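Me: I am new to this one and would like a guided look. Could you show it to me and then take my questions?

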Amino acid sequence: MATKRVTVTDPASETSTELPVLEGSLGTPVIDIQKLTKELGYFSYDPGFVSTASCQSAITYIDGEQGILLYRGYPIEQLAQQSTFLEVAHLLIFGELPKPAELSAFAAEIKREAMIHETLRKFFDGFQYDAHPMAMMVGVVGSLSAFYHSELDMTDPEHRRISAIRLLAKMPTIATACYRHSVGLPFVYPRGDLGYCENFLNMMFSLPSLQYSGDTQWYLDPLASEALSLLFILHADHEQNASTSTVRLASSTGANPYACISAGIAALWGPAHGGANEAVLGMLNEIGHPDRIPEYIRRAKDKNDPFRLMGFGHRIYKNYDPRAMIIRKACHAVLERFSQSDPLFDLAMALEEMALNDDYFIEKRLYPNVDFYSGIIYKALNIPVNMFTVMFALARTAGWVAHWLELKSDPKQKIGRPRQLYVGAPRRDYVSQDRR
Ligand code: CMC
């Protein structure tokens, strides 16, 4: 596979080594540095993995310069326009778009696995009513490992497949239970007659009074589940992002898959990652009026001010985030149907325009990312702000389990164990307390 080589020379010891250059099917080639330490006696240093590929993967490809995102080779724009979230989940997990019979079987299995154990439902009672739903997600998804462990044989591909399906299937049930617990409403069971996104909306919003009073069950409007499916597709995977890498690192030790996904949820929660969608809404509310935008742009540029424009910037996308473009377009239709207009959407557009014309943002190549607009749609669908990152976690579960399965079947897989540059005290001797 390696046709090219690069030579690294250490002038101090006058030794050289030839390192193979690996070419993937698309994208930047990588230098295989595995023998660097053995041959030259150095480690490499790359905080934040800015230049380091941590694995080989065949799931998702991103070209940040061109704004290209492919799931298993298919452009995100085509999937967003023509497919459903379950089709995309099948594509990510099994590598191919499902044929009609495969999709029916997949959907049926997801429905069968959507219930959660009654004992797991009691876990929620341990949380305060005001616990953040992401805190509950971390705890409850992690505790699935207490329910599915004894029969798990991770060397068996079928056991791994079932674990992946279970995670995807139970995520909407757990996510909506987090919400209902926080507002003191009874949990709603998944229904066999509803699709994945419809079921989510029904478990979130269904009330007996709505069903029996003849009031509109707006959440069963097909546009609501279509909008949700679109957002889930856009959030489903993003190659080796922080949470996926966390899932991979945890999985590399052979840990229980449910615990690994819980680790991914924890990593996603931060405002630099999936927590940004909640932070964007907080920021827009704080700005409040277009007149105040210049003040916030100035703050974002001030090195002495920790404030950043949330929903702006990306490690990989340097021209535009294709997901943000798709969501921006979808906002209009969703707002029109569910909330007429939203001043926050107008504010977001004004903020985007001002930032995109500002030298600082142009020079640093900072563009709106997927989270800049996703919250506007979630808000129009009545999803509470503190549930936004939960929505992201739910969708990203498709990607997490796809990467988990890929790692588990990779013969080159090793425990993830980075090196470090130690900068602490050199060796010193213990001095007893009375002599200090
Ligand atoms: N507002 C103001 N300045 C920014 C911003 C921002 N949102 N993002 C980056 N910068 C500046 C940063 O200060 C730095 O300046 P300098 O070169 O003078 O030090 C430069 O741009 C490069 O930033 P960085 O932090 O080194 O870039 P990164 O690749 O390490 O971080 C990021 C990427 C997404 C964490 C960052 O852009 C950020 O914090 N954005 C806001 C949070 C956000 O929207 N996160 C969601 C990401 S998309 C969803 C997902 O996939 O997780």
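Reply: A word on terms first: contact means heavy atoms within 4.5 Å. This is a predicted model, in which local features need pLDDT of at least 70 and side-chain atom pairs count only at pLDDT 80 or more, while totals for chains, interfaces and linings use all residues. Residues are numbered from 1 along each chain as its sequence is written, and side-chain values use heavy atoms, with hydrogens and water left out.

Me: Which residues is isoleucine 383 in contact with?
Reply: Setting aside neighbours within four places in sequence, isoleucine 383 is in contact with Phe200, Met204, Phe205, Tyr378, Phe388 and Met391.

Me: And where does isoleucine 383 lie?
Reply: Isoleucine 383 lies in the loop between helix H18 (370-380) and H19. Helices are DSSP runs of H or I with at least four residues, numbered from the N terminus.

Me: Is isoleucine 383 buried or exposed?
Reply: Isoleucine 383 counts as buried because its relative accessibility is 3%. Buried means under 20% relative accessible area, exposed over 50%, and partly exposed in between (1.4 Å probe, protein chains only).

Me: How many residues does the largest nonpolar core have?
Reply: The largest nonpolar core has 117 residues, and those with the most contacts inside it include Leu309 and Ile383. H19 gives the most to this core, with 13 residues. Such a core is a set of buried Ala, Val, Leu, Ile, Met, Phe, Trp, Tyr and Cys residues joined through side-chain atoms within 4.5 Å.

Me: Changing topic, how many residues surround the ligand?
Reply: The ligand is surrounded by 22 residues, and the closest are His273, Leu309, Gly311, Arg315 and Lys364. A residue is near a molecule if one of its heavy atoms lies within 4 Å of it.

Me: What lies 2.7 Å from a nitrogen atom of the ligand?
Reply: That is a backbone N or O atom of leucine 309. For glycine 311, a backbone N or O atom lies 2.8 Å from an oxygen atom of the ligand.

Me: What is leucine 309 in contact with?
Reply: Apart from neighbours within four places in sequence, leucine 309 is in contact with Met283, Ile297, Ala300, Leu351, Ala355 and Phe361.

Me: Last topic: where is histidine 403 found?
Reply: Histidine 403 is found in helix H19, residues 388-408. Histidine 403 is buried, with a relative accessible area of 0%.

Methods:
Polar contact = N/O pair within 3.5 Å; in protein donor to acceptor, adjacent residues only side chain to side chain. Helix = DSSP H or I, 4+ residues; strand = E, 2+ residues; numbered from the N terminus.
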